[in-house]
Amino acid sequence: MSSDSNGVQIHNTRRLPDFLQSVNLKYVKLGYHYLITYLFTLTLIPIMVLITIHVTQMNLDDVHALWLQLKYNLVSILVCCVILVSGSVIFFMTRPRPIYLIDFSCYRPPSRLAVQSHQFMEHSRLTGYFDESSLEFQRKILERSGLGEETYVPDAMHHLPPTPSMAAAREEAEQVMYGALDNLFANTNVKPKDIGILVVNCSLFNPTPSLSAMIVNKYKLRGNIRSYNLGGMGCSAGVIAIDLAKDLLQVHRKTYAVVVSTENITQNWYFGNKKSMLIPNCLFRVGGAAILLSNIASDRRRSKYELFRAVRTHKGADDKAFECVYQEQDDAGKTGVSLSKDLMAIAGDSLKTNITTLGPLVLPISEQILFFSTLITKKLFNAYKKTYIPDFKLAFDHFCIHAGGRAVIDELEKNLELEPKHVEASRMTLHRFGNTSSSSIWYELAYIEAKGKMKKGNRVWQIAFGSGFKCNSAVWKALRNVKPSPNSPWEDCIMNYPVMIHA
């Protein structure tokens with residue numbers, strides 16, 4: 001059994017490709033372009049060392065001779081100084097502004113929304129929507145999903161029969177978004193009126209007025225706020241929202257940006273019997289996160305992280321990739337998300353492109369040389385040589401792999417040669433909160449903080465998949481020893497984790 005980009009598990013699908021056998025030279029061209037751009041800096045180091053040695057060996061006669069040279073070439077010296085000063089000014093004026101993550105907050109649903117596996121199955125049976133084959137299929141998915149007994153579903157799904165409606169969906173969205181934002185504003189002491197940029201992402205629920213407009217109305221945000229509402233972009237939309245906010249913060253000076261990442265379940269529960277559409281019912285759960293970003297230099301002292309890199313990969317130009325996760329109606333007219341049999345192969349290809357682009361930006365030079373030399377050998381001499389896969393553990397201290405499903409986490413752990421401790425946050429988030437879509441990577445980061453593992457200088461890699469088909473990465477650097485914020489989603493249960501998850 002395998003899993004899709006959102007952790008959706010389906011039978012008879014292809015597993016993620018073995019990266020050790022499938023990495024292609026073309027996927028590293030863009031990444032190595034970035035590497036070459038830094039070679040100039042590397043060549044300056046031995047030159048500066050030689051100059052320093054030469055200066056330390058000069059005597060008074062040498063200094064006098066140098067002064068005479070400067071005296072009779074004053075115009076040339078002035079021209080060089082003007083060029084040097086102008087170049088320095090242009091460099092400092094045009095370089096990207098640092099983007100700081102002051103704090104983030106993950107929504108913790110009330111305990112009354114919790115659902116255990118046996119309750120889920122009994123409720124599904126009593127609704128009368130599912131035949132015996134579909135019920136058995138859901139039972140098997142739940143057993144193998146990696147979800148625990150404390151995940152949450154919305155109010156409408158607790159009713160018998162379920163009562164999905166626009167009003168109920170709005171209520172779910174309000175509870176999640178406002179719950180996360182209230183806690184964020186309380187923890188940071190930032191006033192809503194100070195927010196200049198707002199980016200909201202929710203894939204399957206896009207009402208009018210938009211979710212971003214709902215937030216503007218609730219918190220009475222200022223009239224010139226730059227607000228954006230991203231829809232239909234899947235579980236990797238959280239990284240896309242961060243990347244958009246980053247670009248906007250490069251343009252607008254001394255500004256706060258808020259990113260809200262969530263998904264809505266109420267109106268997207270599937271009530272049919274097509275098995276590939278039933279799996280989201282078993283895996284997706286209520287959740288959301290709010291993130292506060294800043295480009296204000298003085299905020300560095302109180303911020304948790306600085307954004308180091310954001311790399312986005314899109315395979316939508318390929319028809320198979322575009323259609324592999326597709327919202328449609330089944331033969332009975334029931335709406336759900338259809339999953340292609342090629343989904344896992346497409347997810348693997350997208351991931352492969354993403355990591356080979358990201359690698360040269362974050363890996364030590366030694367790892368890059370080993371990786372590149374094996375590819376060149378294979379390309380030039382058609383030699384059978386196992387491709388060297390860089391050790392990403394040398395680049396990152398922590399990993400936040402989208403908690404979409406147990407099979408995806410298993411495959412990434414295997415193919416990237418990670419240790420159990422590197423995927424602990426992903427597994428425990430899946431167990432405790434289920435697949436919360438684009439916000440899952442923030443629950444994972446909150447888990448690492450709650451465990452007291454985030455130290456100053458640590459780098460964390462967030463990676464997520466989404467329909468379209470996309471694979472996106474964000475890399476953050478810790479600016480201090482990070483402690484969990486008040487009202488963390490793990491606050492009253494972190495002592496119970498990690499737990500043993502049976503196969």
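In this predicted model, aspartate 243 is buried, with a relative accessible area of 8%; buried means under 20% relative accessible area, exposed over 50%, and partly exposed in between (1.4 Å probe, protein chains only). Residues are numbered from 1 along each chain as its sequence is written. Because the model is predicted, local features need pLDDT of at least 70 and side-chain atom pairs count only at pLDDT 80 or more, while totals for chains, interfaces and linings use all residues; side-chain values use heavy atoms, without hydrogens and water.

**Aspartate 243**
- Aspartate 243 belongs to helix α11 (residues 237-251); helices (H or I, at least four residues) and strands (E, at least two) are DSSP runs, numbered from the N terminus.
- Residues up to four places away in sequence aside, aspartate 243 touches Ala310 and Arg312, where contact means heavy atoms within 4.5 Å.

**Confidence**
- The protein chain has a mean pLDDT of 87, and 87% of its residues reach 70 or more; pLDDT is the predictor's confidence in each residue, from 0 to 100.
- Over residues 1-14 the pLDDT is below 50, and this stretch has 67 contacts in the model beyond near neighbours in sequence.

**The chain as a whole**
- The protein chain contains 18 helices and 15 strands.
- Of its 503 residues, 52% count as buried.
- Among contacts with a separation of 6 or more, 81% join residues 24 or more positions apart.

**The largest nonpolar core**
- The largest nonpolar core has 133 residues; such a core is a set of buried Ala, Val, Leu, Ile, Met, Phe, Trp, Tyr and Cys residues joined through side-chain atoms within 4.5 Å.
- Helix α9 (residues 166-188) gives the most to this core, with 10 residues.
- Ile215, Leu293, Trp442, Trp461 and Trp476 have the most contacts inside the core.
- Leaving aside neighbours within four places in sequence, tryptophan 442 is in contact with several residues, including Leu101, Phe104, Ile291 and Trp476.

**Helix α15**
- The 17 residues of helix α15 (residues 365-381) should span 24 Å at 1.5 Å a residue, which agrees with the 24 Å between its end C-alpha atoms; the expected span is 1.5 Å times one less than the number of residues.
- Glu367, Gln368, Phe371, Thr374 and Leu375 are the buried residues of α15.
- Seen down the axis of α15, its buried residues fall within an arc of 140°, so they line one face of the helix; the arc is that of the directions from the helix axis to the C-beta atoms.
- On the other side of α15, Ile369, Leu380 and Phe381 are exposed.
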